[in-house]
Amino acid sequence: APTLGDLTDKAGAVFSDNATTIVSLDVLPALELQDQPGYDLLGIRVVGSATVTLSELVETLGNSDWLATGREYLHESDGLCPFCQQVAPATLAADLAAMFDDHYAAQLAEIEAFSTHFEEWHDRVAAVADAPSISASEFLDKAAFQAARRNLDAVINVNERLLGQKNTTPSDVVEFESVDSALKAVNDVI
């Protein structure tokens, strides 16, 4: 049990004119994944419409992404199919447009929006973690902070790679790694 002298010393330190205020450090911002448009699309194959003549063949071959990319060259191919270099069927442009319709374009836009949201969150995390108040803090266990930060950065890098893969190949199914435990570990040190 503290003595009266201990309590008097502590009270003196608190009310002293020489006392300094210690500013609390900001914690890293949370990432709410499930509420973000595009997150749900990471775990599904994003492919063109299944109601088009070409869809059965594309599904069999598993070439939706290749076809989506190649259709951009149809108007430059001088009447040849950009895929087989034979004379293009008269309906090819319309079939491709129907396959990669507004719904497909909206899904790609949602994936891109989610990628942008994740990048912006990563920038906010870096701004807080790299703040001068963190590096100048006398009370922060810097070794523990750096170890937790490296772990968080590793998870972020994996997710950035997965997002790049999904943006490049929308038909791929990717499983986003949760940042929650790594983020909590950093915030616990702070």
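**View 1. Helices α5 and α7 meet through I111, E112, F114, S115, F118, W121, H122, V125, A126 and A129 on α5, and F145, R149, L152, I156, N159, E160, L163, K166 and N167 on α7.** Contact here means heavy atoms within 4.5 Å. Sorted by class, this contact has 11 nonpolar, 4 polar and 4 charged residues (Ala, Val, Leu, Ile, Met, Phe, Trp, Tyr, Cys and Pro are nonpolar; Asp, Glu, Lys and Arg are charged; the others, Gly among them, are polar). You are looking at a predicted model, where local features need pLDDT of at least 70 and side-chain atom pairs count only at pLDDT 80 or more, while totals for chains, interfaces and linings use all residues. Residues are numbered from 1 along each chain as its sequence is written, and side-chain values use heavy atoms, leaving out hydrogens and water.

**View 2. The axes of α5 and α7 cross at roughly 165 degrees and come within 11 Å.** Each axis is a line fitted to C-alpha atoms, for helices over the stretch in contact, with angles from 0 to 180 degrees between N-to-C directions. The two helices are therefore roughly antiparallel, a label for angles over 145 degrees. Helices are DSSP runs (H or I) of at least four residues, numbered from the N terminus.

**View 3. Helix α7 (residues 142-168) also packs against helix α8 (residues 180-189).** Their axes lie 8 Å apart, at an angle of about 160 degrees. That makes α7 roughly antiparallel to α8. On the α7 side, look for A144, F145, A148, R149, N151, L152 and V155; α8 contributes A182, L183, A185, V186 and V189. This contact has 10 nonpolar residues, joined by 1 polar and 1 charged residue.

**View 4. The largest pocket holds about 180 Å³ of space.** A pocket is an open set of points on a 1 Å grid where a 1.4 Å probe fits, with protein on both sides within 12 Å along at least five of seven lines; lining residues have an atom within 4 Å of a point. Its volume is the space filled by probe spheres set on the points. Around this pocket you can find L54, L57, V58, L61, N63, W66, L67, C81, F83, P89 and L92. Helices α2 (55-61) and α3 (64-70) each supply at least two lining residues, and α2 gives the largest share, 3 residues. The lining has 10 nonpolar residues, 1 polar residue and no charged ones.

**View 5. The second largest pocket holds about 150 Å³ of space.** D65, A68, T69, R71, E72, Y104, L108, I111, K166, N167, T168 and P170 form its lining. Helices α3, α5 (102-129) and α7 each provide at least two of the lining residues. By class, 5 are nonpolar, 3 polar and 4 charged.

Note on methods: Parallel < 35°, antiparallel > 145°, perpendicular 65-115°, else oblique.
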